[in-house]
Amino acid sequence: MFNYATIDPSKVEYVEIAPADQLPDGERMFIEVEAKSIVIFNLAGKLFAIGDVCSHDNGPVGDGEVEDDEIICPRHGGRFDIRNGKATSLPAVVDIPSYPVRLREGMIEIGLPKA
Ligand code: FES
């Protein structure tokens with residue numbers, strides 16, 4: 001299993017998303033940026049961003065239930081590790097994109113591959 005969209009943090013451009021206080025602990029935020037649907041999670045104070053499209057059948061994976069560090073796709077129950085996009089349970093076998101996230105001057109920023 002590999003992450004087809006593993007992104008090298010040194011090869012990204014960071015894009016400002018929102019003030020960090022808009023994403024409290026345990027919450028998630030849906031964004032559209034550069035034609036990508038992305039969901040950002042605050043898991044116990046750490047921020048993670050993954051693609052919001054399931055690799056199994058394009059389900060809205062970001063709407064799923066969170067269990068520990070995993071999200072469960074609401075369509076067929078495939079699971080992904082929120083920290084890195086890895087598919088961890090059938091029927092999902094292909095990883096989803098995972099984007100670097102950082103905080104800068106109180107703003108959440110996401111790293112997108114340089115064009
Ligand atoms: S669309 Fe997500 S598990 Fe099928």
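Modeller: Let's start with an open sheet of four strands, which run in the order S5-S6-S7-S8 with antiparallel pairing. Strands here are DSSP runs of E, at least two residues long, numbered from the N terminus, and two of them pair if DSSP finds at least two bridges between them. At the edges stand S5 (65-67) and S8 (87-89), each with a single partner strand, so one side of each has no neighbour in the sheet. From one strand to the next, the twist averages 35° (axes are lines fitted to C-alpha atoms, and angles run from 0 to 180 degrees between N-to-C directions).

Before we go on, keep in mind that this is a predicted model, in which local features need pLDDT of at least 70 and side-chain atom pairs count only at pLDDT 80 or more, while totals for chains, interfaces and linings use all residues. Residues are numbered from 1 along each chain as its sequence is written, and side-chain values use heavy atoms, leaving out hydrogens and water.

Back to the sheet. S5 pairs with S6 (residues 70-72) in the antiparallel sense over three bridges, and there you'll find glutamate 67 opposite glutamate 70. Now hop to S7 (residues 79-81), where aspartate 81 sits. Aspartate 81 counts as buried because its relative accessible area is 9% (buried means under 20%, exposed over 50% and partly exposed in between, with a 1.4 Å probe and protein chains only). Leaving aside residues up to four places away in sequence, aspartate 81 touches Asp69, Glu70, Lys86 and Thr88; touching, or contact, means heavy atoms within 4.5 Å. The side chain of aspartate 81 also makes a polar contact, at 2.7 Å, with the side chain of arginine 83. A polar contact is a pair of N or O atoms within 3.5 Å; within protein, one must be able to donate a hydrogen and the other to accept it, and residues adjacent in sequence count only if both atoms are side-chain atoms.

There's another open sheet of four strands, with the order S2-S3-S4-S9 and antiparallel pairing. Its edge strands, S2 and S9 (98-99), each pair on one side only. S2 and S3 are joined over six bridges in the antiparallel sense, with glutamate 32 facing serine 37 as one of the opposite pairs. They make a hairpin with two residues between them, and glutamate 34 in that turn has a positive phi of about 50°.

Methionine 29 and valine 39 are 10 residues apart along the chain, yet 5.6 Å separates their C-alpha atoms.

S3 (residues 36-43) is mostly covered, with six of its eight residues buried. S3 pairs with S4 over six antiparallel bridges, and phenylalanine 41 has phenylalanine 48 in S4 as its bridge partner. Here, too, two residues lie between the strands of a hairpin, and alanine 44 in the turn has a positive phi of about 50°. At the other end of the order, S4 (residues 46-51) and S9 pair over two bridges in the antiparallel sense, with isoleucine 50 opposite serine 98.
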